Amino acid sequence: MTAVSPAPPSDLDPAVAARLRRTPDGLVCAVVQQHDTGEVLMVAWMDDEALHRTLTTGRTWFWSRSRQQYWRKGDTSGAVQHVRSVHLDCDGDAVLVQVEQIGAACHTGTRSCFDGRRLDASGADDAAGADTGLDDAAGGDR
């Protein structure tokens, strides 16, 4: 799944870059979480350069698919994210960025992009004990 990044070559550590599984347009999903509470704040996209900037500046950087440019969280809104840690998931196709969020994380003005947007999952209790035939440990859901 590795493809050319939306931007020119990056200074991202080649060992880190080699571990990434990117979308066809060169991106990985970035899940942003409040470091001390575990609250999921937002989801955005990073290419190699955005990840490099995030790892080296202490602030979150993302690639805007709609604007086709980099953006640093908080530059226009003042809702800054100070990076506390960054983790690559087991498949290399997503990163978890743990931050200290200052202000609202969502562009709508809410603390989290998931505030007030809960979907009805009335069958969730029934499905929790169901045997799906998939072995999570073996990557059956991939």
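The dialogue below walks through a predicted model of one protein chain, feature by feature.

Me: What share of the residues of the protein chain counts as buried, and what is the accessible surface of the chain?
Reply: Of the 142 residues in the protein chain, 35% count as buried, while the accessible surface amounts to about 8,500 Å², with 52% of that surface belonging to carbon and sulfur atoms.

Me: With what is V32 in contact, once its neighbours within four places in sequence are left aside?
Reply: With those neighbours set aside, V32 is in contact with E39, V40, L41, M42, F62, Q81, V97 and V99.

Me: Is E49 buried or exposed, and which residues does E49 touch?
Reply: The way to decide is to compare the relative accessible area with a cut-off, since buried means under 20%. E49, which is found in helix α2, has a relative accessible area of 15% and is therefore buried. Not counting residues up to four places away in sequence, E49 touches S10, D11 and Y70.

Me: Where is the place of G38, and how far is G38 from V99 in space?
Reply: G38 has its place in the loop between β1 and β2, and with a relative accessible area of 32% G38 is partly exposed. From C-alpha to C-alpha, G38 and V99 are 9.8 Å apart in space, although 61 residues apart in sequence.

Me: How many aromatic pairs does a search of the whole structure find, and how is such a pair described?
Reply: A pair of aromatic rings is described by the distance of the centres and the angle of the planes. A search of the whole structure finds two aromatic pairs. F62 and W71 form a tilted pair, with 4.8 Å from centre to centre and 40° between the planes; F62 is buried at 0% relative accessibility, whereas W71, at 24%, counts as partly exposed. W63 and Y70 form an edge-to-face pair, with 4.8 Å between the centres and 70° between the planes, and both W63 and Y70 are buried.

Me: Over which rings does R53 lie?
Reply: R53 lies over the face of W61, at 4.6 Å from the ring centre, and the charged end of R53 also sits over the ring of Y70, at 4.3 Å from the centre of that ring.

Me: What is the phi of Q68, and where does Q68 lie?
Reply: Most residues other than glycine have a negative phi. Q68, however, has a phi near 55°, a positive value in a residue other than glycine, and Q68 lies in the loop between β3 (61–64) and β4 (69–72).

Conventions: Residues numbered from 1 in each chain as written. Predicted model: local features only at pLDDT ≥ 70, side-chain atom pairs only at ≥ 80, totals over all residues. Heavy atoms only, no water. Helix = DSSP H or I, 4+ residues; strand = E, 2+ residues; numbered from the N terminus. Buried < 20%, exposed > 50% of the residue type's maximum accessible area, 1.4 Å probe, protein only. Areas by Shrake-Rupley, 256 points an atom, 1.4 Å probe, with all protein chains shown as cover. Contact = heavy atoms within 4.5 Å. Phe/Tyr/Trp six-rings, centres within 6.5 Å; stacked < 30°, edge-to-face > 60°. Lys NZ or Arg CZ within 6 Å of the ring centre and 35° of its normal.
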